[in-house]
Amino acid sequence: MSEVRQGFIRSDGPDEAWSEAVEISFDPDRVSLRDLIAVHLSTHASEADHKMRGKYRSAVYSMTAEQQNACATHIRDLAAEAEVHFVTRSLMHRGFKPSDSRFHDYYKSNPERPFCRTYIAPKLAKLRARHSALLKKEYTTS
């Protein structure tokens, strides 16, 4: 990853309301868009259409229509491979605002807090178990 920002994101209507999100910049020569989407889908309730979807929208946001189409294709392909239905959508990125700095790096600063032990630590364990190959992947630079 080149950069990770925690905050709130919005898209076009009917998804113009701000939703919690993580915005990342990445180098596609180091990690593929498909791999990033696979990680995203496996580390949250991407199959559940629960009542909090307004605040916790399951989406991948794109900067261009071409990237939006690629994201939608990856989501469909990953769903077919896993034989599941994802509620995750591919939306256009229409705005981002960072969260309050006191919430940045919360897990790193507070790993023993109940929220971290209950929610974040299990997600990190799942990430490490399901995507260890990505974590160990060696990258060459040109």
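**Reading the backbone, sheets and pocket**

Modeller: Let us begin with Asp105, which is exposed because its relative accessible area is 53%, and the cut-off for exposed is over 50%. Please keep in mind that this is a predicted model.

Colleague: Where is Asp105 found, and what is the value of its phi?

Modeller: Most residues other than glycine have a negative phi. Asp105 has a positive phi near 55° and is not a glycine. Asp105 is found in the loop between S5 and helix H3, residues 106-109.

Colleague: What is the phi of Glu83, and is Glu83 buried or exposed?

Modeller: Glu83, which is not a glycine either, has a positive phi of about 55°. The loop between H2 and S4 holds Glu83. With a relative accessible area of 74%, Glu83 is exposed.

Colleague: Which residues does a cis peptide bond join?

Modeller: Most peptide bonds are trans. Here, a cis bond links Gly13 to Pro14, with omega about 10°. Pro14 belongs to the loop between S1 and S2.

Colleague: How do S1 and S2 pair, and over how many bridges?

Modeller: Strand S1, residues 3-10, pairs with S2 in the antiparallel sense over seven bridges. As one example, Glu3 has Ser25 in S2 as its bridge partner. These strands belong to an open sheet of three strands in the order S2-S1-S5, with antiparallel pairing. Its edge strands, S2 (19-25) and S5 (95-98), each pair on one side only. From one strand to the next, the twist averages 50°.

Colleague: How many bridges join S3 to S4, and do the two run parallel or antiparallel?

Modeller: S3 and strand S4, residues 89-92, run parallel and are joined by four bridges. Within this pairing, Val60 stands opposite Ser90 in S4.

Colleague: Which residues of S3 are buried on each side?

Modeller: In strand S3, residues 59-62, both faces are covered. Ala59 and Tyr61 are buried on one side, and Val60 and Ser62 are buried on the other.

Colleague: How many disulfides does a search of the whole structure find?

Modeller: A disulfide is a covalent bond between the sulfur atoms of two cysteines. The search of the whole structure finds zero disulfides. As for individual cysteines, Cys71 counts as buried because its relative accessible area is 1%, where buried means under 20%. Cys116 is likewise buried, at 0% relative accessibility.

Colleague: Is Asp35 buried, partly exposed or exposed?

Modeller: Asp35 is partly exposed, since its relative accessible area is 22%, and this class lies between the cut-offs of 20% and 50%. Asp35 has its place in helix H1, residues 33-42. Arg94 is 59 residues from Asp35 along the chain, and their C-alpha atoms are separated by 23 Å.

Colleague: How many residues line the second largest pocket, and which lie nearest its centre?

Modeller: The lining of the second largest pocket has 13 residues, and those nearest the centre are Leu41, Ser42, Glu47, Phe86 and Arg130. The space in this pocket is about 160 Å³. By class, the lining residues are seven nonpolar, three polar and three charged.

Colleague: Which helix gives the most to this lining?

Modeller: H1 gives the most, with three residues. H1, helix H2 (65-82) and helix H4 (114-130) each supply at least two residues of the lining.

Technical notes
Residues numbered from 1 in each chain as written. Predicted model: local features only at pLDDT ≥ 70, side-chain atom pairs only at ≥ 80, totals over all residues. Heavy atoms only, no water. Buried < 20%, exposed > 50% of the residue type's maximum accessible area, 1.4 Å probe, protein only. 1 Å grid on protein atoms, 1.4 Å probe; cavity = no way out; pocket = protein on both sides within 12 Å on 5 of 7 lines; lining within 4 Å. Points joined across faces, edges and corners; volume = space filled by probe spheres on them. Nonpolar A, V, L, I, M, F, W, Y, C, P; charged D, E, K, R; others polar. Pairing = 2+ DSSP bridges. Axes fitted to C-alpha atoms, helices over the stretch in contact; angles between N-to-C directions. Disulfide = S-S within 2.5 Å.
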